[in-house]
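This report is meant for someone looking at the structure for the first time. It takes up a pocket and then the packing of several helices.

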Amino acid sequence: MRLAESCDLHGIVREKVHVPGDKGSNAAGKVATIVAGMVAGADSIDDLDVARHGGMPALFGTVYAPSTLGSFLRKFTHGHVLQLQSASREFLVQLARRTPLLSGAAGLMFVDVDSMLRRVYGKKKSGAAFGHTKIGGYDVSLRGYNPLIAVLSTADSAPVVAATRLRAGNAGSARGAASLVAEAIGTAKACGGTGEIIVRMDSAFYSKKVIWTCRRNKVQFSVTARMDGKTKQAAQSIPGRPVG
């Protein structure tokens with residue numbers, strides 16, 4: 001939390017996140033409490049009570065109860081989620097400036113994009129739907145969400161999350177990918193990616209919109225191409241490169 005404060009977490013959230021009503025008051029303190037709880041191992045609203053145990057209140061001020069944090073999060077609309085994402089991007093930029101989080105970013109940075117189906121339990125969860133994924137090499141259908149995620153990394157650093165997009169479980173992998181890729185590229189540049197940036201994706205993201213986004217932002221890209229009729233014809237037309 002000391003590192004978060006040095007990166008002005010409270011100030012960034014205070015500037016960017018505005019949730020109406022009493023439930024949304026002091027968003028900065030509530031987001032900071034959620035961050036502290038997650039750092040301490042919380043993975044649910046009730047678990048956030050860990051932030052009020054032991055000496056945690058002595059480390060940072062205004063620790064909120066789980067019930068207050070739950071009410072706060074339930075007031076979020078899609079617009080408020082976008083506000084929080086904007087705060088998250090700015091915080092990542094500040095973190096990269098103060099720590100070797102993305103060491104070597106000025107030389108080469110990777111942007112990896114993928115979707116990941118995650119099961120949820122409960123038929124009343126908003127947006128939960130059946131989607132297909134592979135488990136142990138088998139195609140299975142799960143009720144859940146299909147978030148889209150972009151991470152940044154360098155040859156000298158581990159991946160860090162740059163952008164996320166929560167989607168229904170039955171969303172196609174490439175849905176919303178073009179705008180997410182553009183957002184992730186902008187974050188990569190703001191985090192010190194002044195050299196070569198390479199966006200890497202699998203064949204699910206092989207689309208005109210996604211590739212054009214990479215070209216428009218003047219970055220390199222590696223996308224697995226689907227082997228359809230046009231791809232085979234183009235490959236076979238290359239002199240001296242037979243296609244089996």
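How many nonpolar, polar and charged residues does the lining of the largest pocket have? In this predicted model, the lining divides by class into 28 nonpolar, 8 polar and 7 charged residues. The pocket itself has a volume of about 2,000 Å³, and of the 43 residues that line it, those closest to its centre are Met38, Leu73, Val81, Leu84 and Thr164. Two or more lining residues are given by each of helix 2 (9–16), helix 3, helix 5, helix 6 (78–98) and strand 6 (157–165), and the largest share, 10 residues, comes from helix 6.

Some of these helices also pack against one another. Two packed helices are described by the angle between their axes and the distance between the axes, and the table gives these values together with the handedness of each crossing.

| Helix pair | Angle | Axis distance | Crossing |
|---|---|---|---|
| Helix 2 and helix 3 | about 130° | 8 Å | right-handed |
| Helix 3 and helix 5 | roughly 115° | within 10 Å | left-handed |
| Helix 7 and helix 8 | about 20° | 8 Å | right-handed |

Helix 2 and helix 3 pack at an angle of about 130°, which makes helix 2 oblique to helix 3. On the side of helix 2 the contact is made by Leu9, His10, Val13 and Arg14, and on the side of helix 3 by Ala27, Ala28, Gly29, Val31, Ala32 and Val35. Sorted by class, the residues of this contact are 7 nonpolar, 2 polar and 1 charged.

Helix 3 (residues 27–39) also meets helix 5 (residues 66–74), and their axes cross at roughly 115°, so that helix 3 lies roughly perpendicular to helix 5. Here Ala27, Lys30, Val31, Thr33 and Ile34 of helix 3 are in contact with Thr68, Leu69, Phe72 and Leu73 of helix 5, a set that divides into 6 nonpolar, 2 polar and 1 charged residues. Leu73, which takes part in this contact, is also among the residues closest to the centre of the largest pocket.

A further pair is formed by helix 7 (residues 177–190) and helix 8 (residues 208–216), whose axes are set at an angle of about 20°; the two helices are therefore roughly parallel to each other. Ala177, Ala178, Val181, Ala182 and Ile185 in helix 7 touch Lys209, Val210, Thr213 and Cys214 in helix 8, and this contact has 7 nonpolar, 1 polar and 1 charged residues.

Technical notes:
Residues numbered from 1 in each chain as written. Predicted model: local features only at pLDDT ≥ 70, side-chain atom pairs only at ≥ 80, totals over all residues. Heavy atoms only, no water. Axes fitted to C-alpha atoms, helices over the stretch in contact; angles between N-to-C directions. Helix = DSSP H or I, 4+ residues; strand = E, 2+ residues; numbered from the N terminus. Parallel < 35°, antiparallel > 145°, perpendicular 65-115°, else oblique. Left-handed = near helix turned anticlockwise from the far one by under 90°. Contact = heavy atoms within 4.5 Å. Nonpolar A, V, L, I, M, F, W, Y, C, P; charged D, E, K, R; others polar. 1 Å grid on protein atoms, 1.4 Å probe; cavity = no way out; pocket = protein on both sides within 12 Å on 5 of 7 lines; lining within 4 Å. Points joined across faces, edges and corners; volume = space filled by probe spheres on them.
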